[in-house]
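Look at the sequence and the model, then work through the questions below.

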Amino acid sequence: MQYQPNHLARCLATGSTKSIGVICDGLKDRFIVSVIETVEQLAFENGYVLNLILSHNNRTKERKGIDYFLLRKVDAIILFPIGHEEDDLQKYHELQIPIVSILNSSSKEPRNVEMNSTEIEKFASKVIFTLLDLANRDVCSKASYLEFNFSYEEP
């Protein structure tokens with residue numbers, strides 16, 4: 001008989017689910033897909049899995065996705081936001097979970113990102129290792145909201 005540890009019991013004991021939530025509009029954008037694929041690979045190599053929610057350009061679904069991830073106790077969230085109001089940003093700063101916002105369209109600047117695969121890998125590495133560092137800190141210092149802003153335009 002092969003013993004397999006209970007994942008839920010381990011999560012309770014360690015305070016970590018070893019999961020990262022990702023919320024994005026969809027998977028049609030090559031830049032977003034490349035970043036998510038690279039982040040997933042790096043997360044997996046570090047013992048984490050990704051959970052994905054597609055907002056389909058719906059702010060309500062995006063907010064419900066964040067609430068869902070909070071209920072699921074993910075260790076961190078990567079957000080490709082549709083755009084945010086000041087009260088959204090204030091809420092994110094108050095959460096006890098690291099959140100990285102990528103391509104935040106609240107800046108009202110045109111989106112225009114051109115990165116080759118090496119640059120995407122470096123960028124994704126920075127995102128995931130920043131999140132893992134924040135997620136592994138003491139619970140009292142986990143509240144962090146970081147923005148990785150670019151201007152982006154579909155090719």
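Q: Which residue has its backbone oxygen 2.9 Å from a polar atom of the side chain of Thr-38?
A: The model is a predicted one, in which local features need pLDDT of at least 70 and side-chain atom pairs count only at pLDDT 80 or more, while totals for chains, interfaces and linings use all residues. Residues are numbered from 1 along each chain as its sequence is written, and side-chain values use heavy atoms, with hydrogens and water left out. A polar contact is a pair of N or O atoms within 3.5 Å; within protein, one must be able to donate a hydrogen and the other to accept it, and residues adjacent in sequence count only if both atoms are side-chain atoms. The backbone oxygen that lies 2.9 Å from the side chain of Thr-38 belongs to Ser-34.

Q: Is Thr-38 buried or exposed?
A: Thr-38 lies in helix α2; helices (H or I, at least four residues) and strands (E, at least two) are DSSP runs, numbered from the N terminus. Buried means under 20% relative accessible area, exposed over 50%, and partly exposed in between, with a 1.4 Å probe and protein chains only. The relative accessible area of Thr-38 is 16%, so the residue is buried.

Q: Which residues does Thr-38 touch, not counting residues up to four places away in sequence?
A: Contact means heavy atoms within 4.5 Å. With residues up to four places away in sequence not counted, Thr-38 touches Ile-120, Glu-121 and Ala-124.

Q: How is α2 placed relative to α5: roughly parallel, roughly perpendicular, roughly antiparallel or oblique?
A: Axes are lines fitted to C-alpha atoms, for helices over the stretch in contact, and angles run from 0 to 180 degrees between N-to-C directions. Helix α2 packs against helix α5 (residues 117-135) at an angle of about 55 degrees, with the axes 9 Å apart. Angles under 35 degrees count as roughly parallel, over 145 as roughly antiparallel, 65 to 115 as roughly perpendicular and the rest as oblique. The angle therefore makes α2 oblique to α5.

Q: How many nonpolar, polar and charged residues are in the contact of α2 with α5?
A: Ala, Val, Leu, Ile, Met, Phe, Trp, Tyr, Cys and Pro count as nonpolar, Asp, Glu, Lys and Arg as charged, and the others, Gly among them, as polar. Phe-31, Ser-34, Val-35, Thr-38, Val-39, Leu-42 and Ala-43 in α2 meet Ile-120, Glu-121, Phe-123, Ala-124, Ser-125, Ile-128 and Phe-129 in α5. By class, the contact has ten nonpolar, three polar and one charged residues.

Q: What distance separates the C-alpha atoms of Gln-41 and Ile-128?
A: Gln-41 is in helix α2, which covers residues 30-45, and at 45% relative accessibility Gln-41 is partly exposed. Gln-41 and Ile-128 are 87 residues apart along the chain, and their C-alpha atoms are separated by 9.9 Å.

Q: Which side chain is joined to that of Ser-19 by a polar contact of 2.6 Å?
A: Ser-19 is in strand β1 (residues 19-24). The relative accessible area of Ser-19 is 7%, so Ser-19 is buried. The side chain at the other end of its 2.6 Å polar contact is that of Thr-17.

Q: Is Ile-77 buried or exposed?
A: Ile-77 is in strand β3 (residues 76-79). Beyond neighbours within four places in sequence, its contacts include Gly-21, Phe-69, Ile-99 and Leu-131. The relative accessibility of Ile-77 is 0%, so Ile-77 counts as buried.

Q: What is the phi of Lys-73 near?
A: Most residues other than glycine have a negative phi. Lys-73, in the loop between α3 (59-71) and β3, is exposed, with a relative accessible area of 58%. Its phi is positive, near 55 degrees.

Q: Which residue has the backbone nitrogen that the side chain of Asp-25 reaches at 2.3 Å?
A: Asp-25 is in the loop between β1 and α2 and is partly exposed, with a relative accessible area of 36%. Among the residues that Asp-25 touches are Leu-54, His-56 and Phe-80. The backbone nitrogen 2.3 Å from the side chain of Asp-25 belongs to Asn-57.
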